[in-house]
Amino acid sequence: MPRKEITSGNWAFAEAMRQIDPDVVAAYPITPSTDIIMKFAEFVANGKVETNFVTVESEHSAITACVTASAAGARVMTASSANGVALMHEIFPIAGCFRTPIVFGLVNRSVGAPINIHCDHSDSMGQRDLGWIHLYCEDAQEAYDSAIMAVRLSENNDVLTPVFVCQDGFITSHGFEPVEYLDDETVKNFVGEREPLNSLLDVDNPVSYGSFAMSEYYFEIKRQQIEANKKALELYDGIAKEYEAVSGRYYPMIDCYRTEDADHVIVIMSSASGAVKDVVDEMRDKGHKVGCLRIRMFRPFPKEAVAAALKGKKAVAVLDRCLSLGGTAPLVAEVRSALYASGEMIPTNSCIYGLGGRDFFPQYAEDIFMDLINGKISPEERYIGLLE
Amino acid sequence: MSDCKNWKEMKDVGKPKKWQDVPMGGIAYGASAENVETGQWRSIRPVWNEEECISCMLCWVQCPDRSITTDENGKVTGIDYFYCKGCGICAHVCPKKAIEMRPEADFA
Ligand code: SF4
Ligand code: SF4
């Protein structure tokens, strides 16, 4: 029987870890993800899991231990945030290339400096081109559900790609809300056993990891990773539908909230989309045809689905909780590129919000919609809630 | 995705001609290190003196390349130059100075 609890995003993720009971967890604590590992350490200490829990001296070591354990064929999970994630940067592309599945609870926090513990997406966005799948969750329930689904996606032998399950630091990770947990048996059956390819422990079929590949084959190995990303796009929905069958909850790659007949749409990710959806409802009541497109899967980026969802709109605003200093913010760059490639020349405002945990108020969403409706469209970046 | 999912399939393909043939993630199938003649890297060569050797096995334990050969009784019988990289650890650890490092040029 499923059970409901009032809990936080971090604890919900930790509960998923308990139910998944991974073979190996190697981790190093950092705010705001620390809670995940603290809670999980409790499960280890109380004999609730059989996991080999490896405490290491840095995030770099944590992710290295995860990669090697996964190469050995283990089911592996970990968690981190901010500069901890940044310290792992060197190892992320190795995990991607070695095709070592890992489910990673990434609790989004701004990367210092200035040092700041609150949410933005600069930590995960700095890792966006390294061969990991990125899922961005709106709430604690979704973080829990995504951890379970991510195991299947990551370990699928046509995908074999590590997955970041992102949730907003403090807002989701430490806010308490009702979460429905599946029973342990259902989770166990859903994730099944990992059937590793090329396990380091398979002595009858010996393999070496980490061999040299110069100009003759480096490119081909990257091409295989491109294929794995395509497979992830292809296979994701099947896994999401299977999960719906056991949980009653369905999470598409993109969450289209009243976008179908909308003229003006805000594109956004993670927790702030809740405020936007509320504003959509209020403005709909006043007769404005507005909608919210929440991007859940950022890597691989579902270009075609995004272009189809925005087709024919009068104007859209894309909200990034991250900068690309000197360039174009990551989400708006992807959205504009998807639109351009599909021949949709839709005016697009680029709005930066929420850096370093700056609040995002419903009023902001309304103002952004009103600019679209009033034709205030311009190519320069806009800064939402900045002191200016 | 690589079409070859294990080393046995790989053997039949031979040198990859398309990206699908390359082992996934640049993995090397089979115990391929056994075929690599690391002895080619050697610039100095350990020369073992049977007379002095007491088969204490210190060199055997320390050799990073499994190059100290032994007989069925566990006695040291010499050095496998196919793998020996000439690092000199064996000579360094030998309590009897039974291994001498000499320039490869002496053997040219
Ligand atoms: S360390 Fe010296 S004495 Fe001992 S086994 Fe090796 S060669 Fe012989
Ligand atoms: S020189 Fe180095 S590699 Fe060669 S036998 Fe001695 S310890 Fe081994």
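How many nonpolar, polar and charged residues does the lining of the largest pocket have? The legends below take up this question and then move on to other close-up views of the predicted model.

**View 1. The largest pocket, with a volume of about 660 Å³.** Of the 26 residues that line the largest pocket, A:Ile226, A:Asn229, A:Arg299, A:Pro300 and A:Phe301 are the closest to its centre. Three elements of chain A give two or more residues to this lining, namely helix H9 (218–247), helix H11 (303–310) and helix H12 (330–341), and H9(A) gives the most, with six residues. Sorted by class, the lining of the largest pocket has 13 nonpolar, five polar and eight charged residues, which answers the opening question.

View 2. Chain A is divided into domain 1, which covers residues 3–247, and domain 2, which covers residues 254–384. The C-alpha centres of domain 1 of chain A and domain 2 of chain A lie 27 Å apart, and 28 residues of domain 1 of chain A are in contact with 24 residues of domain 2 of chain A.

**View 3. Ligand 1 and the residues of chain B around it.** The residues around ligand 1 are B:Trp48, B:Cys53, B:Ile54, B:Ser55, B:Cys56, B:Met57, B:Cys59, B:Val76, B:Cys94, B:Pro95 and B:Ile99. By class, this shell around ligand 1 divides into ten nonpolar residues, one polar residue and no charged residues. The space taken by ligand 1 is the largest cavity, and the volume of the largest cavity is about 90 Å³. Of the 14 residues that line the largest cavity, B:Cys53, B:Ser55, B:Cys56, B:Cys59 and B:Cys94 are the closest to its centre. The lining of the largest cavity divides into twelve nonpolar residues, one polar residue and one charged residue.

**View 4. Ligand 2 in the second largest cavity.** Which residues come nearest to ligand 2? Of the 13 residues around ligand 2, those that come nearest are B:Cys63, B:Cys84, B:Cys87, B:Gly88 and B:Cys90, and the shell as a whole divides into eight nonpolar, three polar and two charged residues. Ligand 2 sits in the second largest cavity, for which the volume is about 80 Å³. Of the 14 residues that line the second largest cavity, the closest to its centre are B:Cys63, B:Ser67, B:Cys84, B:Cys87 and B:Cys90. The lining of the second largest cavity divides into nine nonpolar, three polar and two charged residues. For the predicted model, the count comes to five cavities of 30 Å³ or more.

**View 5. Positive phi values at A:Asp21 and A:Phe170.** Where in chain A is A:Asp21 placed? A:Asp21 is in the loop between helix H1 (9–20) and E2 of chain A, and its phi is near 50°, which is a positive value in a residue other than glycine. A:Phe170 is not a glycine either, although its phi is positive as well, at about 65°. The place of A:Phe170 is in the loop between strand E7 (163–168) and strand E8 (176–181) of chain A.

Definitions and conventions. Residues are numbered from 1 along each chain as its sequence is written. Chains are lettered from A and ligands numbered from 1 in the order in which they are written. This is a predicted model: local features need pLDDT of at least 70, side-chain atom pairs count only at pLDDT 80 or more; totals for chains, interfaces and linings use all residues. Side-chain values use heavy atoms; hydrogens and water are left out. A residue is near a molecule or strand if one of its heavy atoms lies within 4 Å of it. On a 1 Å grid over the protein atoms alone, a cavity is a set of points where a 1.4 Å probe fits but cannot get out, and a pocket is an open set with protein on both sides within 12 Å along at least five of seven lines; lining residues have an atom within 4 Å of a point. A molecule sits in a cavity or pocket if more than half of its atoms lie within 2 Å of its grid points. Ala, Val, Leu, Ile, Met, Phe, Trp, Tyr, Cys and Pro count as nonpolar, Asp, Glu, Lys and Arg as charged, and the others, Gly among them, as polar. Grid points are joined across faces, edges and corners, and a volume is the space filled by probe spheres set on the points. Helices (H or I, at least four residues) and strands (E, at least two) are DSSP runs, numbered from the N terminus. Domain bounds come from an automatic or database domain assignment. Contact means heavy atoms within 4.5 Å.
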